[in-house]
Amino acid sequence: GVTSDGAFEFYEQLYGRDPDNVVALRGLGGIHFARNEMSDARKYYEALAEHAQDSQQKAEASTHVGLIAIEVENDTDTGVIHLEQALELDGSHKPAIVALKSLYSDQENWTSLVGVLAREASLAAPDRRLPMFVEIARIWQEQIGNEKVAGLSWKKVLGLDPSNPQACAG
């Protein structure tokens, strides 16, 4: 098999011939990321987000840039911008959804968290939506304190599970 150094040389040569080559950008971004060379990884992922033709690849690259900004550079604002961009490009991009859920929960940004949970629920298989709807209703009731919206959210839960104990109590 090709060694990491061999792969790195291959991608470097490809990049040298064509700096917009998405295979080279993705490969170099991944290798630098694996080597924990985050500023180089970010540079290649930013270029990949710009030059990739495929929206899923752009979303993946934007998610990497966002996570590097948040976890390495402690730049939450920039990270959120890139994670939200990833979802605009690919609304079902799970890594961006997971990262935003964690971030918004940690920040106690409940309205934004509800938005991400609602997006996740809309993409989930119907038999997997109930816990997400319960969480949305609970946040509206307990964290945001909007009883009207919480009530509507609990009605949605009851529509899926008429005997749900939390919904019956809520």
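## Loop residues and a helix pair

At 58% relative accessibility, Asn36 counts as exposed, where exposed means over 50% relative accessible area with a 1.4 Å probe and protein chains only, buried under 20%, and partly exposed in between. The model is predicted, so that local features need pLDDT of at least 70 and side-chain atom pairs count only at pLDDT 80 or more, while totals for chains, interfaces and linings use all residues. Residues are numbered from 1 along each chain as its sequence is written, and side-chain values use heavy atoms, with hydrogens and water left out.

Asn36 lies in the loop between α2 and α3, and Glu108 in the loop between α6 and α7; helices are DSSP runs of H or I with at least four residues, numbered from the N terminus.

Helix α5 (residues 76–89) packs against α6 at an angle of about 140°, with the axes 9 Å apart; axes are lines fitted to C-alpha atoms over the stretch in contact, and angles run from 0 to 180 degrees between N-to-C directions. The pair is therefore oblique, a class for angles that are not under 35 degrees (roughly parallel), over 145 (roughly antiparallel) or 65 to 115 (roughly perpendicular). Residues in contact (heavy atoms within 4.5 Å) include Val80 and Leu83 of α5 and Leu100 and Tyr104 of α6.

Conventions
Helix = DSSP H or I, 4+ residues; strand = E, 2+ residues; numbered from the N terminus.
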